[in-house]
Every structure is written in structure tokens, then in C-alpha cells.
Amino acid sequence: MNGKLADFRELTLEEMQDFLVQMGEKPFRAKQIFAWVYRGVRSFDEMTDISKSLREKLDRQAKLGQMRILKMQTSKKDGTRKYLLELEDGNTIESVFMKYQYGNSICVSSQAGCRMGCRFCASGMDGLKRNLTAGEITGQILEAERDTGEPINHIVVMGTGEPFDNYENLLKFIRNIHRKEGKGISLRNITVSTCGLIPRMRDFARDQRQVNLAVSLHSADNGVREEMMPVNRRYPVEELLQACREYTEETGRRITFEYALVHGKTDTDRQIRLLADKLRGTLCHVNLIPLNEVKETGLSGSGRARAREIAAFLEQQGIPATVRRELGADIQAACGQLRLGAGR
Ligand code: SF4
């Protein structure tokens, strides 16, 4: 539908102002419209404090990008909802809504497919289809809020795709979702997760230093990491950790390292000692991911007991570590970077 029209889910407030001025309208209308967009309306007609004639004009000259919930699974255990969404061009993406004590959180996708080829990840198996637009990243939040009727105040960009492989759209999305005229999500409540694209990590330290950065490490051993994550060939562990230290120095913010515990591979005493040695002295936090559900990949998870043991060891070594709470396990709701063998 209306493929060439300006998508108002996509525009910045300033772009919206310019658009309205070109239509012969007053620029202040843009604030009203921006607010409606981030309330999740699906048509200009729902913008009830805008005159009918302007709504009709907008309808002819612009659009609000749409996505359709193809499938939704709700966890009976904790209310986690996993969405399969269809984009306008037929590509599909996933997002996951989660409830925490501190509020509601969503894990969004940044690309349709992914070209990073991590071995444990179902999302990247068919390669990259295309980047998502800023509006399509936002749309996942708006659709989930509409579906649940609950506000979302935390965002993790950790679904399908490597966010730093879609950098400009990621930045635009963050700027838009943070605008107080729209949703006004605090930058501190946004986390971006990367498999370790070093040049972009450097850019991010400069461009968005308030946003939390998570790095999927999964092993501090080049051999093991390379086997699991081909990106390690381009950016080996030493270079990655050096870039992480530079990031923390530049921003003064700690980094979260995601570490998936694969039985007999990343969870051995040797691997964990190596991890401790390499991270000691870095301003960081380790998020241990015990993997329980495993199919297809031939890898198996360590379980929560071993994860707690490892967390205690890292703490002893002066490295803050937690074991990720398991949400939506019954619906295989783990995000792209942890979708070990979850299949589709
Ligand atoms: S884990 Fe993330 S970076 Fe790796 S293939 Fe999957 S989506 Fe891409």
C-alpha cells in the first residue's frame, strides 16, 4: 500500500514539521501528530484533535507504516508474549514483550534476518533479508503496547539482526523513541546488543553514550568463540575486549557481557577462569545465560545450578555477574542472540 508516501512512523519531529510546512500547514501541528504516532494509532483518522480536513490531506500524502501480528504466543508462566510480525513487504520479524518488577520491557529486532551467522542462532540461518527502517523498529513497540494495553518503558535491541549492521536506522530509532513529545523513553532504559562490530562500538561511544551497551561474548577463547561466532575472525577477543575498555573509558559506563553457557564448551572451569582473567579490571557486568531448551544444533545448555556456581566464582574474582532470569521458556521466547537451537 502507498509505497512511496512519507511514513510518519519513520520521520523525526523536525522532518514532520518540514513536511507539514510544505503542505501549507503550521509547523506546531507536528508535535500533536508526533504524539499520536507514538500513542500507536494506525491511521490519521484516529488523531481526534486534528481537523478532519488535515487528516484527509495527510491520508492522501502520507502514511503510517503498518505491520501485522501473524502469530502471538503467551507464556503461561510469566506473561511473556512473543510476536511474529509481518512487514509491509511480506518479510517477518519477531519481538518479545516481557514483564519485570521494574516495568515492561520489549526485545525488538533490528533487521529481517542477519548476516553474522552465529552458530547457535536460528535467526541468522537464512542470512540477511534487509535492514529494518527506524519506523519498523518503533512499530514493534507500538504494536506490543496496543496488543497488551500496557506501556513499555524498557527496550532491548537484541532480537533478530545485528543492530550495528543497521547503524543509521538504529540511531534514528533511538532519537525518535527518546523524544519527550512522543514516548520519551529514557536513554538509560535502552540497551543495544552487538556481537562485537568494533568500529561501530567506537561510533556508538561518541553518538549515544547514555544508551546501555551489551556485547555477546560467549567465550573469551578465540578458538571456541570463532567456532560459535564467525565475526570473531574479523574481530578477535583481544581486540574486542580492548575496544570494550576504550568504550568504558570514553563513556564512564559499564558494559554488559552476554555469556551463553554451553555445556562442555563455554562452561568448563578452564573457560571460566580464562573469562575471569580477561575481564578482571574492566568496568563490566557478566550476564550468564543458562540454556535449557536445545534442539538441532548439537549444543546443550549447562542448567541453572552450574550457572549459579559460575556467577559465584566470577563474583569472588571481583567481576559482577548475574544469571539471567528465564522468561517465556515455555514459548521459546529467547531473543536472537540466545536462540540456541530454539528453532522457529
Ligand atoms: S546471534 Fe545475533 S548477530 Fe548472531 S546471527 Fe543471530 S541475530 Fe545475528
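This is a predicted model: local features need pLDDT of at least 70, side-chain atom pairs count only at pLDDT 80 or more; totals for chains, interfaces and linings use all residues.

Colleague: How many salt bridges does the structure hold?

Modeller: A salt bridge here is a side-chain nitrogen of Lys or Arg within 4 Å of a carboxyl oxygen of Asp or Glu. By that criterion the number of salt bridges in the structure is 32.

Colleague: Take Arg130 and Glu136, which meet in a salt bridge. Which relative accessibility does Glu136 have, and is Glu136 buried or exposed?

Modeller: Their N to O distance is 2.9 Å. Buried means under 20% relative accessible area, exposed over 50%, and partly exposed in between (1.4 Å probe, protein chains only). Arg130 has 22% and is therefore partly exposed. Glu136, with a relative accessibility of 13%, is buried.

Colleague: How many residues apart are Glu145 and Lys183?

Modeller: The side chains of Glu145 and Lys183 form a salt bridge at 2.8 Å, N to O. This pair links distant parts of the chain, with Glu145 in helix 4 (residues 134-148) and Lys183 in the loop between helix 5 (167-178) and strand 10 (190-194); helices (H or I, at least four residues) and strands (E, at least two) are DSSP runs, numbered from the N terminus. Glu145 is buried at 12%, whereas Lys183 is partly exposed at 22%.

Colleague: Which residues are joined with Lys180 and Glu181 into one network?

Modeller: Lys180 and Glu181 meet in a salt bridge at 3.4 Å, N to O. Lys180 is exposed at 71%, while Glu181 is buried at 16%. Through salt bridges that share partners, the network also takes in Glu14 and Arg179.

Colleague: Which residues does Cys118 touch beyond four places in sequence?

Modeller: An unreviewed UniProt entry places a "binding site" feature at Cys114, Cys118 and Cys121; such annotations may be inferred rather than shown by experiment, with positions given in the numbering used here and feature names shortened. Cys118 lies in the loop between strand 7 and strand 8 and is buried at 16%. With contact meaning heavy atoms within 4.5 Å, Cys118 touches Met228, Met229 and Pro230.

Technical notes. Residues are numbered from 1 along each chain as its sequence is written. Side-chain values use heavy atoms; hydrogens and water are left out.
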